[in-house]
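I opened the model to look up its charged side-chain pairs. My notes follow the structure.

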Amino acid sequence: ILFQQAKTMRSHICEVWGFDSMYSMGFRIVGRTKLGKDIYQKIDVSGEWRDTATANNGIEFDTSGYFPVLRFRPATKFYFYWAGSSVKAHALELEAKLKEWNINNVKIEANVHTGGSWAVHFETITENFKKRVTAAQCF
């Protein structure tokens with residue numbers, strides 16, 4: 001849901017913060033068989049975030065007036081913090097895809113503590129939220 005919202009946002013969003021947000025979302029329906037059964041495709045978590053980051057760079061048309069006006073859309077910066085071992089693979093895969101595509105508006109960081117405990121997951125938000133608020137360029 002988070003990357004779908006970020007990909008389709010219309011406002012000029014300066015930053016998107018993701019805390020422990022790279023879990024697999026499972027599967028999505030991509031079609032139907034002739035017998036009416038759903039056809040599923042596994043969701044590519046890192047690919048979806050890569051596409052979301054690139055969707056928020058570039059140009060757009062402002063069609064609110066009488067004539068469409070071309071304007072540059074400022075790049076949105078994405079920050080992701082992870083702690084659990086189950087999201088580590090997605091975070092590392094996304095990092096590799098970003099490097100390969102030369103996408104520089106995304107930063108991925110491991111939490112100070114990593115592992116599977118609830119305390120570590122909670123810390124991903126509490127500690128890194130403070131860091132983002134302090135460093136934010138948007139306020």
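I set the accessibility terms before anything else: buried means under 20% relative accessible area, exposed over 50%, and partly exposed in between (1.4 Å probe, protein chains only). I am working with a predicted model, where local features need pLDDT of at least 70, side-chain atom pairs count only at pLDDT 80 or more, and totals for chains, interfaces and linings use all residues. Residues are numbered from 1 along each chain as its sequence is written, and side-chain values use heavy atoms, with hydrogens and water left out.

I counted salt bridges next (a side-chain nitrogen of Lys or Arg within 4 Å of a carboxyl oxygen of Asp or Glu). The structure has 6.

I looked up arginine 32. It pairs with aspartate 38, and their closest N and O atoms are 2.6 Å apart. Arginine 32 is exposed at 59% relative accessibility. Aspartate 38 is partly exposed at 26%.

I moved to helix 3, residues 85-101. Helices are DSSP runs (H or I, at least four residues), numbered from the N terminus. Here lysine 97 bridges to glutamate 93, with 3.5 Å between the closest N and O atoms. The two sit 4 residues apart, about one helical turn. Lysine 97 is buried, at 15%. Glutamate 93 is partly exposed, at 35%.

I checked helix 4, residues 118-135, where glutamate 127 and lysine 130 lie 3 residues apart, about one turn. They form a salt bridge, the closest N and O atoms being 3.7 Å apart. Glutamate 127 is partly exposed at 39%.

Last, I noted a network: salt bridges link Lys107, Glu109 and Lys131.
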